[in-house]
Amino acid sequence: MGALTLRGITKRYGTVVACDAVDLDVERGEIHGLLGENGAGKSTLMRILLGLETRDAGTILRDGRPVTAGSPREAVALGIGMVHQHFSLVEPLTVWENVILGDTGRIRRSRACAEIHEMSQRYGLPVDPLATVASLSAGERQRVELIKCLRRDPAVLILDEPTSVLTRAESAELFAVLRRVVRSEGRAVVLISHKLAEITAATDRVTVLRHGRVVFRSATAATDVAELARQMVGREVADAAALGLIPAAPHVPEKAQGDPALRIRGLTAPGLTGIDLEVRPGEIAGLYGAEGNGQAQIGDVLCGLVTPDAGTVEVGGVPVDLRTPGALHTAGLGIVPEDRHRAAVVPAMSVAANLTMKDLGTRVWLDRRRLRRRARELAAEFGVVATSLDAPLSSLSGGNQQRVVLARELSGDPRVLVLAQPTQGLDVGAAEDLHERLRRCAHDGMAVLLISTEIEEVLGLADRVLVIASGRVAGELHAAEATPEQLGMLVGGGAG
Amino acid sequence: MTRTAAWSALALLVSAVLIVATGGSPVEAMQALVRGSVADATAISVTLLYAAPLLLIAAGACVSASAGVFNIGQEGQVLIGALAGAAAGLRLALPGPALIAVVGLAGALAAGFWAWLSALMHRLRGVDIVVSTLLMTFVAQQVVAFAVNTPWLLQESRLGRATVLPQTNKLPPRALLGSLGSYPGLQLNAGLLIAVAAAVSVAVLLTRTRWGFRVTMLGLNPAAAAHSGVRVTVVTGSALAISGTLAGLAGAVLLTSPLSTNRLQPGGTLGLGWDGLLVALIARNRPLLAIPVALLFAVLRSGGSFLAATGVPSYLADIVKALLVLAFVAPRVPWRRLAVA
């Protein structure tokens, strides 16, 4: 009898089937990997489990009894707990306040602290109950989330993409903790991930979802990365980085030449201290680091959303006045920012408008015919799949929205192309396509800066890797000498 | 759409219940509404006279709302427009057509500047625009009250021993907006033509020009707009100024229309500023859609004054209006999410 059994779970959104008769068996005392590309239905399945969505058909059994959670609170009562990819902690509050949030009855600080202390000992999750959450690193915050979740004594613990904010060392620690939870307490863990390496390293059994269906299930030891990749994508994929794998052969750097096309000097802003970096034409420079270490802030500065306190940005040897809106674009810097919906697109406007919004011409009246033609050309060139160019951008899939942004940024023939977490939320096919385009851009002499938290992506693409930790550049490695261990050391060293 | 219809039906039902509760008959009330608004040429004339300022105000509100700036101070901007218009109309000795143009221009510019002050406050001190435009309305009321109570400013001239009221002199007839052509019993005031032209211009401005594209972008995603090189403060300021300009023009039109006494009076806006804002709200900030909605509101205005004759309090027309607005806004409320919370 499994701790958690799903039978025939089906969920449709209009004509789209997000989950198609999904069966899943999670036993006590195992870590069960749920593997699938973005959009394969993993999240929908878990949202149904937690009572955040209703299912169209199917049964959920907990220890053999049919159950239905109407809300996350009811799910907790049923012994199902989840740590979300994006933390749900109240930053200005302390750790113990966050942990007991949602409890009823009298609040006793000393008891809560003692309880947290005892749990950190038991699970090996060191955390100071009196610290303010805002002052904690991403890894520490995740420990708080875990304690908060484990304190409610769940029989089934679900973790959604838990390592996206962690360094390699922190990920290893997390998996050790999970192992302990499973072994000594007989709980079941569901680990949701799109990273193959993680699934093979940390799970006992694995279920693969593709387009809402279960296509493969196996004991992890009885399968291998190649098999799982094939099952997840449904075909052979050569681009290891797109699969979340460390490339087998070291990357052969392109010949970078000439003066830097992008030069950042002493850039200081909230979360950043004296960042220096250069990117030369024809190279892909990777800026690698764990989430929350300043990558996002660099992206914001290069987007023109934040004016730095100090420092200069030069494009093609000419300093750019960062206070002028659109100055970076005019200077020849194209950027695909991290959070597309925040800064890169206007989701409610049409695909055509989003393709041309940086190139409206200089006249008072819009030349609508020219804009349309330009949009049509770009959509065709970059393979944007849309029912119509007049459809709102929000109707496009994540990969196609990404293509729209990339097409628009490249249409201005930039000297420098900056990409921040470009494959976040993309399926493998779209990621592969994007990686291929980046390589071609660099080959054609563009300077490419790749800001990424995915070590596989950085190692697979970058000719040179800069490591950022705690808002500083902690080190620089050439592709030939960059190994996961080396990078991990730099990331950890800077954070300490 | 069907949901909007259902909510509107519910609003009308509640209105009917209220009419019965106050001792009236819904059928009679409906007849009165029709009699007062569209039954004959005179009634239609009055309705169209109301529609003109409503549409002007709504067209302006569409501009600011498209830019994501909520100007809710139209009532004050209308007053300032009327004040400037009255000052120009009473003080300048110009021939007819020129005087009409100057009155309109003075009203438009003064109110445009008045609304722009809110953008300035936002830029300099970060004052919330919703709050400042609203509060500036009360300032505008005091400014107008001061002007019409101060003999050396705009208060009416003392004739013999007559009491002097807090209002200006009547504007000279050559400053007033006339009817376009003459029809038996029907007044087709020039103000309506101005208003329709304004609504069409706003629609063209928003969809066909670079500035309009930027306004739309700013309204839908300020970060993306800034990233694409939109100068946020400039576009915000100009959008606010244009919305004020149109409200001021409405003030001037109202001042010179047969609807009013053709004097500046503290209550001379008849609350049309608030109504115009509601018109834009129901038209979902689409200037062309605002034309029929403004007509509907004008019907409620002109018909509402006939309600009293049926024994129904005339403020019930306001309640009907409010319920209709709620009915149009209700389908956009995320009911499901509210239920979960």
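Helices (H or I, at least four residues) and strands (E, at least two) are DSSP runs, numbered from the N terminus. With that in mind, read chain B along its sequence: the pattern is α-α-α-α-α-α-α-α-α-α-α-α-α-α, which comes to 14 helices and 0 strands.

This is a predicted model, in which local features need pLDDT of at least 70 and side-chain atom pairs count only at pLDDT 80 or more, while totals for chains, interfaces and linings use all residues. Residues are numbered from 1 along each chain as its sequence is written, and chains are lettered from A and ligands numbered from 1 in the order in which they are written.

Here are some overall values for chain B.

| Property of chain B | Value |
|---|---|
| Span of the C-alpha trace along its principal axes | about 70 × 55 × 35 Å |
| Buried residues (20 or more other C-beta atoms within 10 Å of their own, C-beta atoms being placed from the backbone) | 49% of the 341 residues |

Now look at where the chains meet. Two residues are in contact if their C-beta atoms, placed from the backbone, lie within 7 Å. By that rule, 20 residues of chain A touch 16 residues of chain B. Helix 11 (residues 340–344) of chain A gives the most to chain A's side, with 3 residues.

Terms used. Buried ≥ 20, exposed ≤ 12 C-beta atoms within 10 Å, placed from the backbone.
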